[in-house]
Amino acid sequence: MPMILDRHPQTQLLIAGEGPLRDELEQLTRNLALNRSVQFSGWVTPEKVPELMNKSTMVLVPSRIESFGLVALEAAFMARPVVATVVGGLPEVVEHEKTGVLVEPEDADQLAQAAVDLLDNEKRMAQMGSDGRKLGIERFRWTRYLDAYEALYEKLTAKWPVTESVSP
């Protein structure tokens with residue numbers, strides 16, 4: 001955050017969620033005198049996520065471990081660029097330099113630099129957000145999965161046609 005604030009002193013970071021390191025992060029925030037720039041929201045109910053993202057310029061997902069990347073997908077649907085680590089399913093949701101920026105896990109400098117680079121270029125940030133929304137709708141819309149399941153079901157049932165009915 002200090003690197004970001006050097007270039008963009010009005011930046012606010014909201015850390016959403018709970019975790020075992022929250023107390024340490026809050027203490028670090030106080031030690032670095034970042035209290036005015038960093039806020040902790042705690043756990044956010046699913047219905048409040050869109051409202052929170054709508055207030056955000058970008059979404060950072062500095063995960064060490066991530067199975068899919070739902071937060072990144074929610075950000076994409078809200079047309080927000082994402083800076084995320086290249087772990088788990090995040091590269092499926094974030095296309096590097098198209099819908100956001102992927103960085104190495106545990107590399108705070110690289111994460112901060114990616115955020116600064118986006119904040120330096122609002123047009124690029126808006127384009128990444130727009131591209132992320134398009135990609136999210138194209139790749140992850142529910143109807144796509146329903147259509148795929150229906151096609152698979154039809155393919156499987158065509159191989160083994162039902163020849164007689166069974167009554168209970």
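Helices and strands are here DSSP runs, helices of at least four residues and strands of at least two, numbered from the N terminus. On that basis, this predicted model shows a protein chain that follows the pattern α-β-α-β-α-β-α-β-α-β-α-α-α along the sequence. The radius of gyration is 20 Å, well over the 15 Å that the globule rule gives for 168 residues, so the chain is more spread out than a compact globule.

**Overall fold**

- The protein chain contains eight helices and five strands.
- Along the principal axes, the C-alpha trace extends over about 75 × 35 × 30 Å.
- Of the 168 residues in the protein chain, 32% are buried.
- Among contacts between residues at least 6 apart in sequence, 55% link residues that are at least 24 apart.

**Strands β4 and β5**

- Strand β4 (residues 82–85) and strand β5 run parallel and are joined by four bridges.
- Thr 85 has Val 103 as its bridge partner in β5.
- Strand β5 (residues 100–103) is covered on both faces, with Gly 100 and Leu 102 buried on one side and Val 101 and Val 103 buried on the other.
- Val 82 belongs to strand β4 and counts as buried, because its relative accessibility of 2% falls under the 20% cut-off.
- Leaving out residues up to four places away in sequence, Val 82 touches Val 59, Val 61, Ala 72, Ala 75, Val 94, Thr 99, Gly 100 and Val 101.
- Between Val 82 and Ile 15, which are 67 residues apart in sequence, the C-alpha to C-alpha distance is 15 Å.

**The cavity**

- One cavity of 30 Å³ or more is found in a search of the whole structure.
- The volume of the largest cavity is about 30 Å³.
- Its lining is formed by Ala 72, Ala 76, Arg 80, Val 82, Val 93, Val 94, Thr 99 and Gly 132.
- By class, five of the lining residues are nonpolar, two are polar and one is charged.

- The lining of the second largest pocket divides into six nonpolar residues, no polar residue and one charged residue.

- Ala 115 lies in helix α6 and is buried, with a relative accessible area of 3%.
- Apart from its neighbours within four places in sequence, Ala 115 is in contact with Ile 4, Met 58, Leu 60 and Val 83.
- Ala 115 and Pro 81 are 34 residues apart along the chain, and their C-alpha atoms are separated by 9.8 Å.
- Asp 131 is placed in helix α7 (residues 122–140).
- Asp 131 counts as buried because its relative accessible area is 14%, under the 20% cut-off.

**Positive phi in loops**

- Most residues other than glycine have a negative phi.
- Ala 79, a residue other than glycine, has a positive phi near 60°.
- Ala 79 is located in the loop between α4 and β4 and is partly exposed, with a relative accessible area of 28%.
- Glu 106 likewise has a positive phi, of about 70°, although it is not a glycine.
- Glu 106 sits in the loop between β5 and α6 (108–120).
- Glu 106 is exposed because its relative accessible area is 61%, over the 50% cut-off.

Methods:
Residues numbered from 1 in each chain as written. Predicted model: local features only at pLDDT ≥ 70, side-chain atom pairs only at ≥ 80, totals over all residues. Heavy atoms only, no water. 1 Å grid on protein atoms, 1.4 Å probe; cavity = no way out; pocket = protein on both sides within 12 Å on 5 of 7 lines; lining within 4 Å. Points joined across faces, edges and corners; volume = space filled by probe spheres on them. Nonpolar A, V, L, I, M, F, W, Y, C, P; charged D, E, K, R; others polar. Buried < 20%, exposed > 50% of the residue type's maximum accessible area, 1.4 Å probe, protein only. Pairing = 2+ DSSP bridges. Rg over C-alpha atoms; globule rule 2.2 N^0.38 Å. Contact = heavy atoms within 4.5 Å.
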